[in-house]
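Please open the model in your viewer and keep the selection panel handy.

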Amino acid sequence: MFLRMVRGALFRQKGKMLMIAFTILLGSSLATAMLNVMFDVGDKVNKELKAYGANITVVPKENSVIDDIYQVEGDDEDNIKSAYLKEEELGKIKTIFWAFNIVDFTPFIDSTVSVDGEDVTIVGSWFNHHLSLPTGEELDTGITSLRAWWEITDGKWLDEQKQEDGAMVGTLLAEKLNIKAGDKITVSGKAGKKELTVTGIFDCGADEDEQIYTSLDNAQYLSGTDGLLSSIEVSALTTPDNELARRAAKDPGQLSIADYETWYCTAYVSSICYQIQEVITGSVASPVRQVADSEGAIMEKTELLMILITVLSLVGSALGISNLVTASVMERSNELGLLKAIGAKDGAISILVLTEIMITAIVGGVAGYFVGYGFAQVIGNTVFGSATEMKLMVIPIVSVLIVCVTLIGSIPAIKTLLRMKPAEVLHGR
Amino acid sequence: MERRKMFIRMITASLLRRRSRMFVALLAIAVGATILSGLTMIYYDVPRQMGEQFRNYGANMIFVASAESEGLNTENVEEALSCISDSQKRGVAPYRYETVTVNEQPVIVAGTDIEGAKKTSPYWLVTGEWPSEKGEILIGKKTAELLSVEIDDTIQMTYSAQALENPDQPAETDRSENEDAINMEFTVKGILDTGGNEESYIFMSLEDANELTNGESKIDVVELSLSATQDELNEYVDLISKKVPDITPRLVKRVTQSETTVLTKLQSLVFLVTIVVLLLMMICVATTMMAVVTERRKEVGLRKALGASNKSIILEFIGEGVLLGAVGGLLGSILGFIFAQAISMNVFNSTITFRVLLVPVTIIASMAVVAAACIIPVRSATDVDPAIVLKGE
Amino acid sequence: MSLLELKNVSKIYGSLKALDDVSLKVEEGEWLAIMGPSGSGKSTMMNIISCLDKPSLGEVILDGVDIAKENSKKLTEIRRDKIGLIFQQFHLVNYLTAVENVMVSQYYHSMPDEKEALEALERVGLKERAKHLPSQLSGGEQQRVCIARALINHPEIILADEPTGNLDEANENIVLDLFEQLHNEGTTLIVVTHDPEVAEVAQRTVVLNHGKIAKEVINENFGKKADGKNDK
């Protein structure tokens, strides 16, 4: 009989129940969408922030001191610039504990060459390098993505898959030497001479505007440094630094074993640096503070903002649902008063009402989950151009939320109903 | 006149005497309006607030000397700076670079306004203290290692004009051979860690640098951190190049381009989220209103039986809804501001701009949604024969 | 000419004939009772007379107008101007006070006038209760508010559907006394009831059964009984 009454309420009051289900659907889809977006926003924004370039640079140990100063003096003495990283070890970067957080990495080799009698810094690197890693992973990386802010004023990006002897020239240098896209330049280095075709001129508002960029092989050939690298830039998804990370950055050895474990197994920029140093011999990996710090700050703010907006909308939808449940239970005071009049106990009525509402809530909630997931996808695709990852964690959160909210929403209404005297209800007072 | 009085009397009676139901409805509207005004306020404030965060990346514009000019000096820099609105300046730091020798090692010294540098490069990590007095310096980490100096050490720097002219062999230049070489002593106050080129420089105040170079004052470059959109920045570039021909302003593409990309995405994220939340909340408010109004089918039937035309019944309900919407909307705009303020304080540590225009917009939107939500159930109630409504249920 | 005339009226719901070829005349100033068991077509007849519903067949002529042919908007106007309704369930607007409930009727009819509304309440003996909400009034008092509301616009016909159905005897008598007063003032009264006592006090009783008029009784004691009651 109980089931029959529930069924009766559900099917004969289709309109009302549909409306409750619909509101719960809205609430649950809102919660699902917001939670999915919130959990994903960190990764998404992190990827966007990769536009600022690498957040870790790896340089040879000895070189880390001399390099910059020496460059200013003009480097023609190879006895000091002796420290290099090994190209063959590059792949190891993708084997560290946080390998999956390494989005991009690109090697650099720089040396001084002469073009038309002018001493110029030439940098060899990857442009759009296709990498097949021993782990089976495929990766396209290079400065095309790591220097996304370069403005190509003439020509286009060098496609290293198609053009072996290509080069790109900084705008200031191009002006000085009167080089245009499509020109051929003869570059002579310490170890060799080569004719390169200029594919593009770039403008970035920094030192690179006076340099030439070419493929790694060309630069190595020119300076006779086969298989050697002067630096590696690594772009990694990181967790914003906290107090532990700052302590660890000074000296990981100081940490207690438990702290060390936590630190090592969290994607702090310092722990990723530390892990890179472990795999690349003779290297110093350090965070590029300009990028790493700002990234941390922006991600933290964005995540916090999204969390608060999510909380706000969750509270909103919770109030919305409980409100409607209250309104619709009150509406049925006549019917429930009648049940009371014919001898139904308070408990029985409460259970009846709750069962009806719960069934409606489950139907609405499940449908809402899928709708909300759709909304999350729309947001992900429109804003970031990639799908929002489905977080399983959202399902229990939404379920608990909907059940609680529906229950809480029913309580005041049921309380009022129980307080009513059947006679009054039936006489419509 | 009497009729209008009665109209108002009926509406207010309905609102005041059916307190619990009206409270439910008002709560729904207020929540919706709160979210509307709160989120919209945040949406409009995000570019400003987030833009501040992006200033972490440091300078987004630099001044360099134009090719034909004699270089930067205090006057033309001042003139160029006057083109930029003060409220947008987050930091201005002039730099001059000189090569000096310390223990026969060549080192680059950067003279700057230390306070300005602090602001243009907020990501600098200084161990020890920032230099604040004359004769104090900040030393880059790599240089500190190279020279093996620590905090509070004193180092002697030598500047010689000849060393500059003959940059190829500074190390071999014998100091004693330079008659006009200047020696000065500096105290290391802090060690700088940036992960970039700055680690190999030594930073000191512009006055110290000028003194070190024999009182000759010059500026090589000025770094500016401006809180402005890329379009505004481009306008400044055009304006300054026209007004101050000695200076060529350049945008730091890495910072400006990337900021625009990321900021646009962030704003569109908040925009879409706001739209989705608003859409759902509006429907939520509408369904609650519908439930509240549907409950009164009987009353609609009675009014009809008493000879009310459909139009006047709908008008009464809308009147009630509009009043409710206005109160809820007003409540919501206040609460929304409080919410937005709380979020802004928590996330950005700064107050939000109160947008007065949002109050009428919120109120009108709430009134419209509520009125629209009332019409549907009232319409369906007036369409049914009053006899059935009165008999049934 | 009669004030109200039903000519061969039928109302058909699907296969059910709620009213089957009924003809009836009501003269101005008459007090008519309609009786019959449940399902006899009383309510249908009442709905048709009160312009809440239209017959499937036949003519209903009220004050010279065939209301069976009017559209619902026009019906609303006729109802508003010519008919006062009294319901078994009272149907007062629960958030309006007694006087406001009366004024609602004025509002839709012409001009709300609080003084007039208070006078109407005074007539039904509720002057002191004018500011009370329906929930603060007893059943009898609520029904008297209903009566005040029905007569405020001076309708040509007052139509009462089981007016005493929810009332105890004391209140029933009060209501019936009020009806008598109205009758004496010349108001046309049609009372639908299943209570023979209520029907007895009317001038004429029509008994419906299975949608047809089964019996028509003229109350011969009409004047006397009323007088006797008044003496009490």
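Start in chain C by selecting helix α4, residues 114-123, whose buried residues are Ala117(C), Ala120(C) and Leu121(C). Here buried means under 20% relative accessible area, exposed is over 50%, and partly exposed is in between, with a 1.4 Å probe and protein chains only. Helices (H or I, at least four residues) and strands (E, at least two) are DSSP runs numbered from the N terminus. Because these three cover an arc of only 100 degrees around the axis, they sit on the same side of α4(C); the arc is that of the directions from the helix axis to the C-beta atoms.

Before moving on, a word on the model: it is predicted, so local features need pLDDT of at least 70 and side-chain atom pairs count only at pLDDT 80 or more, while totals for chains, interfaces and linings use all residues. Residues are numbered from 1 along each chain as its sequence is written, chains are lettered from A and ligands numbered from 1 in the order in which they are written, and side-chain values use heavy atoms, leaving out hydrogens and water.

At the N-terminal end of α4(C), show Asp113(C), which caps the helix with a side-chain oxygen 3.0 Å from the backbone nitrogen of Lys115(C). Just after α4(C), look for Gly125(C), with a positive phi of about 75 degrees.

Next, select Glu114(C) and Lys131(C), which form a salt bridge with the closest N and O atoms 3.2 Å apart. A salt bridge is a side-chain nitrogen of Lys or Arg within 4 Å of a carboxyl oxygen of Asp or Glu. Glu114(C) lies in helix α4 and Lys131(C) in the loop between α4 and α5 of chain C, so the pair ties together parts that are 17 residues apart in sequence. Glu114(C) is partly exposed at 26% relative accessible area, whereas Lys131(C) is exposed at 55%.

Which residue of chain B forms a salt bridge with Glu114(C)? Select Arg9(B): its closest N and O atoms with Glu114(C) are 3.0 Å apart. You are now at the interface of chain B and chain C, where 30 residues of chain B are in contact (heavy atoms within 4.5 Å) with 30 residues of chain C. Arg3(B), Arg9(B) and Leu306(B) supply 25% of the area that chain B buries against chain C, more than any other three residues. Buried area is the accessible area (1.4 Å probe) that two parts lose on being put together, summed over both. Between these chains the total is about 2,600 Å².

Turn to chain A and chain B, where the contact takes 67 residues from chain A and 66 residues from chain B. The area buried there is about 6,400 Å², with carbon and sulfur atoms giving 71%. The count between this pair of chains is 6 salt bridges; one to show is Asp203(A) with Lys253(B), at 3.3 Å. Color α10 (289-331) of chain A: α10(A) gives the most to the side of chain A that touches chain B, with 27 residues. Then select Glu151(A), Asp203(A), Asp209(A), Arg250(B) and Lys253(B) together to see a network of salt bridges.

For a last stop, pick Lys44(A) and Asp40(A), whose side chains meet in a salt bridge of 2.7 Å, N to O. Both Lys44(A) and Asp40(A) are buried.

Note on methods
Polar contact = N/O pair within 3.5 Å; in protein donor to acceptor, adjacent residues only side chain to side chain.
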